[in-house]
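Take a look at the model first, then read on.

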Amino acid sequence: MAGTASLRRAEDFVDFLNASPTPFHAVGSAKQRLEKAGFKQIKERDSWTSTLVPGGKYYLTRNASTVVAFAIGSQWKPGNPVAMVGAHTDSPCLRIKPVSKRTADGFMQVGVETYGGGMWHTWFDRDLGVAGRVMVKASNGDMEQRLVRISRPVCRIPNLAVHFGGSVPFEFNKEAQLFPITGLVSAELNRTGKTAEETKKAEAEAEKAASFEPLKTPKQRHHPYLITLVAEEAGCKEDEILDFELVLYDTQPACIGGLNNEFVFSARLDNLGMTYCAVEGIIQSLSSSSALKHDSTIRLIACFDHEEIGSTSAQGADSNMLPAVLRRLSCLPSTPSSSSSDSDKSYDKMSTGGDENSTAFEQTLATSLLVSADMAHSVNPNYGAKYESEHRPEMNAGTVIKINANVRYATNSPGVVLLAECAKRAKAATYQAPGSKSVSGGVPLQMFVVRNDSACGSTIGPMLSAKLGARTIDVGNPQLAMHSIRETAGCYDVEHGVNLFDAFFEHYGELEGKIVVD
């Protein structure tokens, strides 16, 4: 049946979305898929010279919220090209404040901080769970991280009823009127079997009896029952929780919808949509046992945290992570090192100029290309006038190339030419958009520019393009309601994106030298 394979791919994407309520979980989901495909974990703190070999597949993480994975062609030589796809793992959300305990008018509330440029009005009247990372003191004395997820709705931000003048257009104060309710004070007292006075007295006595701590404990800073639930999810005792980074998320699962199952309805499509395509694209490109046999390049994906807030962090795209990884990879020998050392031997030679490959890093950057993959805008039929008349991307009609004259996107014509050639060689999608020309191979592409009288968003593309000096192109699958708690994308564009990146990794080594500019 036409479209069956595309639908299976979309269903797998829905599974990925539902397993990934936070960047920590998204990286965990990516790791599982990479390991199943034969990728081995390495660490930045270790030497790679004795570990990495041509034909090998590897991945590393930073802060557990950014992941880089790569496969080394069997014909690799120092200074050769790296074919890169970059995406991001974070989405706008509400993060629980360091001191979150609040009460008002008999309600227990949670203090939250806005992360990124969310459409916060869409968070009202939604069923909200809690997920993220918890730092726990283990039985051996180590302080380790554990991922947690309270899947049931424990929070909700209530709207003001229209009878009391609920505002139109919807306006609210993000500090004073964005407090989720998490329960009733009376219900919590009933659960503990204590009065309010007894509870305060017990807390005061416990604080007085406790040994000195530089900070208040989590149970003092947050509602105690929230800590109880978090401890249950973390598999630890309440007093073993040291700190956490927890966010609220919509407990309604992602799903496939539309009369003909043509849509994906979900939170976090921006940008788990392209994170998924990057991970599955590199895995699919390596599905053949001989995929790397004649390849002289390195195939690499990098999925960063903190794009929604500017990427300026140790694990963001504006950090040293990708340049550091590329520097270490660029000088890898074409044969395995005969012995290990405390540092990368080939890198040491490069940095001192004592080797003929001392310019390998610069050569690699000059011959490499980064596909910056971040979701794009589909035309919204209710707001058609907001879109440039000749650039109105449609859902399920292919991945979008994003272009901006002021370089809010890093796309230029050589990148367009190269990616179009990759798209022509890609595996054909099993779904063709109605009215499109039927083809025996290849995946469709679209183009987008914003109107001159509208603001243009940006991506990791321009900053990495400037940092690396590598050729860069910005792309993304089209979606509606970007930055809403509930977004919409095309079911069949998932397969388009995966097949496009698969073809990019497979054919880049052959094509890169044919696009002559300098």
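In what order do the six strands of the open sheet come? The order is β8-β7-β10-β5-β6-β9, with antiparallel pairing. Strands here are DSSP E runs of at least two residues, helices are H or I runs of at least four, both numbered from the N terminus, and two strands pair if DSSP finds at least two bridges between them.

This is a predicted model: local features need pLDDT of at least 70, side-chain atom pairs count only at pLDDT 80 or more, and totals for chains, interfaces and linings use all residues. Residues are numbered from 1 along each chain as its sequence is written, and side-chain values use heavy atoms, leaving out hydrogens and water.

Back to the sheet: β8 and β9 are its edge strands, each pairing on one side only. Inside it, β7 and β10 run antiparallel and are joined by nine bridges. Gly129 sits opposite Tyr249 in β10.

Now the cavity. A cavity is a set of points on a 1 Å grid over the protein atoms alone where a 1.4 Å probe fits but cannot get out; lining residues have an atom within 4 Å of a point.

Among the lining residues are Phe13, Met375 and Asn477.

Key:
1 Å grid on protein atoms, 1.4 Å probe; cavity = no way out; pocket = protein on both sides within 12 Å on 5 of 7 lines; lining within 4 Å.
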